[in-house]
Each structure stands twice: as structure tokens, then as C-alpha cells.
Amino acid sequence: DPTLLAEGEKVFKKCAACHKVGDDAKNGTGPLLNGIVGRAAGDIEGFKYSKPLLAMASEGLVWDDASLHAFLENPKGFMKGTKMSFAGLKKEDERAAVIAYLATFAK
Ligand code: HEM
């Protein structure tokens with residue numbers, strides 16, 4: 001759905017100060033997000049994650065549609081102590097759009 005992806009690209013501007021996607025993406029304040037949809041949490045090489053993120057990763061957290069919605073709606077509610085300083089996306093349609101956009105970037 002091209003409209004959804006265009007909306008997702010727009011929403012991603014809220015993430016882009018900290019997260020990169022695409023061919024030349026590198027870790028910054030946050031980990032690069034290529035291939036993040038469907039990937040195990042805490043799996044990006046060279047990024048220093050918080051302890052709570054690594055704890056949830058070791059319990060088996062995978063970034064699928066449901067967990068991404070929950071995290072992005074309220075990062076610090078979903079993951080107490082995360083170092084992702086972002087208030088969240090309260091609108092479900094914005095979350096759905098950015099998740100669809102992220103899914104277009106392969107690992
Ligand atoms: C972690 C997505 C906004 C900083 C993550 C992770 C995802 C994500 C999926 C987990 C990555 C993994 O497990 O490998 C997003 C999206 C955003 C957004 C879609 C916008 C809607 C931001 C912003 C910042 C930020 C604005 C900086 C102010 C971080 C940091 C982590 C992280 C530091 C690591 C968290 C930890 O180790 O506890 N983000 N993020 N993110 N993000 Fe974001």
C-alpha cells in the first residue's frame with residue numbers, strides 16, 4: 001500500500017534523529033533498524049543496549065507487529081528502564097504506518 005508507506009516514511013522522521021535505515025545505515029543514538037521487523041530484540045551488532053532491553057531479549061522478545069505496537073505506543077511502559085528516550089506514538093495508524101515502512105528495509 002503506497003499511501004501507508006508514504007505515511008510511514010513521514011512518521012519515521014520522528015525516529016530518524018536516533019535511528020537510520022537503508023544501505024548506509026549505521027548505529028547512532030539508537031541501533032540501525034534494517035531488518036528489525038521479525039528480528040530478535042537486542043540483535044544489532046555493535047550497539048550497546050540497556051540492561052532491561054537485553055533482559056527482555058534473553059527472555060525471547062522478538063520485534064513482531066504486536067510487540068512493536070506495544071513498545072512504540074509507550075516505550076517506557078513496555079520496557080521499564082529502556083534508554084530509548086521517546087514519548088511514543090499514541091496513534092495506532094501512525095504506528096501501523098511506521099511498522100509497514102520499517103518492514104521494507106531488509107537485513
Ligand atoms: C531501540 C524503534 C524513536 C533511541 C529501539 C528499538 C526499536 C526502535 C524497534 C529496539 C531495537 C533492537 O532491539 O535492536 C524506534 C522507532 C522510533 C524510535 C520506530 C520512532 C517512532 C527513537 C528516538 C530515539 C530512540 C527518537 C532517541 C531519542 C533508541 C535507543 C534504543 C532504541 C537508545 C535502545 C534502547 C535500549 O537499549 O533500551 N527503537 N525508535 N528511538 N531506540 Fe528507538
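**Notes on the ligand site and a few residues**

1. A backbone N or O atom of Lys 83 comes to 3.0 Å from an oxygen atom of the ligand. That makes a polar contact (a pair of N or O atoms within 3.5 Å; within protein, one must be able to donate a hydrogen and the other to accept it, and residues adjacent in sequence count only if both atoms are side-chain atoms). Bear in mind that this is a predicted model: local features need pLDDT of at least 70 and side-chain atom pairs count only at pLDDT 80 or more, while totals for chains, interfaces and linings use all residues. Residues are numbered from 1 along each chain as its sequence is written, and side-chain values use heavy atoms, with hydrogens and water left out.

2. His 19 works through its side chain instead, where an N or O atom is 2.8 Å from a nitrogen atom of the ligand.

3. Who else is around the ligand? The shell holds 27 residues, and the closest are Cys 15, Cys 18, His 19, Ser 50 and Met 84; to be near, a residue needs a heavy atom within 4 Å. By type, the shell splits into 18 nonpolar, 7 polar and 2 charged residues. Here Ala, Val, Leu, Ile, Met, Phe, Trp, Tyr, Cys and Pro are nonpolar, Asp, Glu, Lys and Arg are charged, and the others, Gly among them, are polar. Helix α3, residues 65-73, gives the most to this shell, with 3 residues; helices are DSSP runs (H or I, at least four residues), numbered from the N terminus.

4. Where is the ligand? It sits in the largest pocket, as more than half of its atoms lie within 2 Å of the pocket's grid points. A pocket is an open set of points on a 1 Å grid over the protein atoms alone, where a 1.4 Å probe fits, with protein on both sides within 12 Å along at least five of seven lines; lining residues have an atom within 4 Å of a point. The volume is about 540 Å³, taken as the space filled by probe spheres set on the points.

5. The pocket lining has 29 residues, and His 19, Gly 30, Pro 31, Phe 71 and Met 84 lie nearest the centre. Of the lining residues, 19 are nonpolar, 7 polar and 3 charged. Helix α3 supplies the largest share here too, with 3 residues.

6. Two residues are worth a look in the loop between α1 and α2. Arg 39 is in that loop, and its side chain reaches the backbone oxygen of Asn 34 at 3.4 Å. Arg 39 is buried at 12% relative accessible area (buried is under 20%, exposed over 50%, partly exposed in between; 1.4 Å probe, protein chains only). Ala 17 lies in the loop as well, but counts as exposed at 68%. Its C-alpha is 8.7 Å from that of Gly 30, 13 residues apart along the chain.

7. Now the ends of α2. Ser 50 caps the N-terminal end, with a side-chain oxygen 3.2 Å from the backbone nitrogen of Leu 53. Just after α2, Gly 60 takes a positive phi of about 105°.

8. Glu 7 is in α1 and is partly exposed at 27%; its C-alpha is 24 Å from that of Val 62, 55 residues apart in sequence. Asp 93 is in α5, residues 92-102, and is exposed at 52%.
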